[in-house]
Amino acid sequence: MQTKTSKSALFPYVLWIAFFVIAPIALVVYYSLLDLHGNFTLDNYKAFFTSVYLKMTLSSFWYAFLITFFTLVISYPTAYFLTKTKHKQLWLLLIIIPSWINLLLKTYAFIGIFGLYGPINAFIEVFGFDPKQMLFTDISFVFVSVYIFIPFMILPIFNSLDRLNPTLIYASRDLGASAFTTFRRVVLPLTMDGVKSGIQVVFIPALSLFMITRLIAGNRVITLGTAIEQQFLVTQNWGMGSTIAVFLILFMVIIMLITGQKDKGGRVR
């Protein structure tokens, strides 16, 4: 009786996954096998392995790596010092609050900040320098992307650090380990699950960015997300757009498998 009840309780979740996960992916795969005239073809997959799309894919991975790297470099020390503060939950909330603001609004805010008549150029002019065009550059794209993803990287790392058993750190120091050795051999390995989670929530979306590339980079940066948008909305080639989406899904699955979590001890439960 209990087994039947548990199976019936799973039915809504199975239905949800079937309609909103499996069905959309199947639809994308189906369209990837069609040409502009609706005929079955594998030419879209052949086209993806040409130099144009391979360069675009490598470029997407490169920018996603840069965004993830700089986000991690900023977020890990920030999360560590947050765990040492008195009102750590309040400080964490203040960091998370900007993520509640609409992404488009934040992007337009940076357009004003980096613009020729923005506050940065106004500050530069005080020292006698001519205003510079900071928009539509690789640096501005990476900077804005890092700012947007920082809260999503800090949160899982903060949770891992906050659950770390402090007696392990005390034991390491009592046994003569330096602060750096303690961090390298104790703290970092035990908080690696948080780092992996942060990498997942930053690297995977960074692969498919398209709005920021449009508004901040001015199409100087072409990612997989930008290519999908162009194929669907500009060239109306749904087959090629779906093919890029299929490979993007595969890349996401591979990244999730690589950064999969394995539970470790040494945490306060």
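This is a predicted model: local features need pLDDT of at least 70, side-chain atom pairs count only at pLDDT 80 or more; totals for chains, interfaces and linings use all residues.
1. Overall composition. The chain contains 13 helices and zero strands. Its order along the sequence is accordingly written α-α-α-α-α-α-α-α-α-α-α-α-α. Taken along the principal axes, the C-alpha atoms of the chain fill a box of roughly 80 × 70 × 30 Å.

2. Helix 10 and helix 13: geometry. Helix 10 spans residues 192-207 and helix 13 spans residues 238-258. Their axes come within 10 Å and cross at roughly 165°. Angles over 145 degrees count as roughly antiparallel, and helix 10 and helix 13 are therefore roughly antiparallel to each other. The crossing in which helix 10 passes helix 13 is right-handed.

3. Helix 10 and helix 13: residues. On the side of helix 10, the contact involves Gln200, Phe203, Ile204 and Leu207. These meet Leu248, Phe251, Met252, Ile255 and Met256 in helix 13. By class, eight residues of this contact are nonpolar and one is polar, with no charged residue.

4. Helix 3 and helix 12. Helix 12 covers residues 224-234, and its axis lies 9 Å from that of helix 3, at a packing angle of about 135°. That angle makes helix 3 oblique to helix 12. Tyr53, Met56, Thr57 and Ser60 in helix 3 are in contact with Leu224, Ala227 and Gln231 in helix 12. The contact of helix 3 with helix 12 comprises four nonpolar and three polar residues, and no charged ones.

5. Helix 3 and helix 4. Helix 3 also packs with helix 4 (residues 88-96), at an angle of about 145° and with the axes 8 Å apart. Here helix 3 passes helix 4 in a right-handed crossing. Helix 3 contributes Thr78, Leu82 and Thr83 to the contact, while helix 4 contributes Lys88, Trp91, Leu92 and Ile95. The residues of the contact of helix 3 with helix 4 comprise four nonpolar, two polar and one charged.

6. Largest pocket: extent and centre. The volume of the largest pocket is about 350 Å³. Its lining consists of 19 residues, of which Tyr80, Lys84, Leu164, Ile169 and Val187 are the closest to the centre.

7. Largest pocket: contributing elements. Which helices each supply at least two residues of the lining of the largest pocket? They are helix 3 (51-84), helix 7 (138-162), helix 8 (166-174) and helix 9 (179-190). Helix 3 gives the most, with six residues of the lining.

8. Largest pocket: residue classes. The lining of the largest pocket divides into twelve nonpolar, three polar and four charged residues.

Definitions and conventions:
Residues are numbered from 1 along each chain as its sequence is written. Side-chain values use heavy atoms; hydrogens and water are left out. Axes are lines fitted to C-alpha atoms, for helices over the stretch in contact, and angles run from 0 to 180 degrees between N-to-C directions. Helices (H or I, at least four residues) and strands (E, at least two) are DSSP runs, numbered from the N terminus. Angles under 35 degrees count as roughly parallel, over 145 as roughly antiparallel, 65 to 115 as roughly perpendicular and the rest as oblique. A crossing is left-handed if the near helix is turned anticlockwise from the far one by less than a right angle, and right-handed if clockwise. Contact means heavy atoms within 4.5 Å. Ala, Val, Leu, Ile, Met, Phe, Trp, Tyr, Cys and Pro count as nonpolar, Asp, Glu, Lys and Arg as charged, and the others, Gly among them, as polar. On a 1 Å grid over the protein atoms alone, a cavity is a set of points where a 1.4 Å probe fits but cannot get out, and a pocket is an open set with protein on both sides within 12 Å along at least five of seven lines; lining residues have an atom within 4 Å of a point. Grid points are joined across faces, edges and corners, and a volume is the space filled by probe spheres set on the points.
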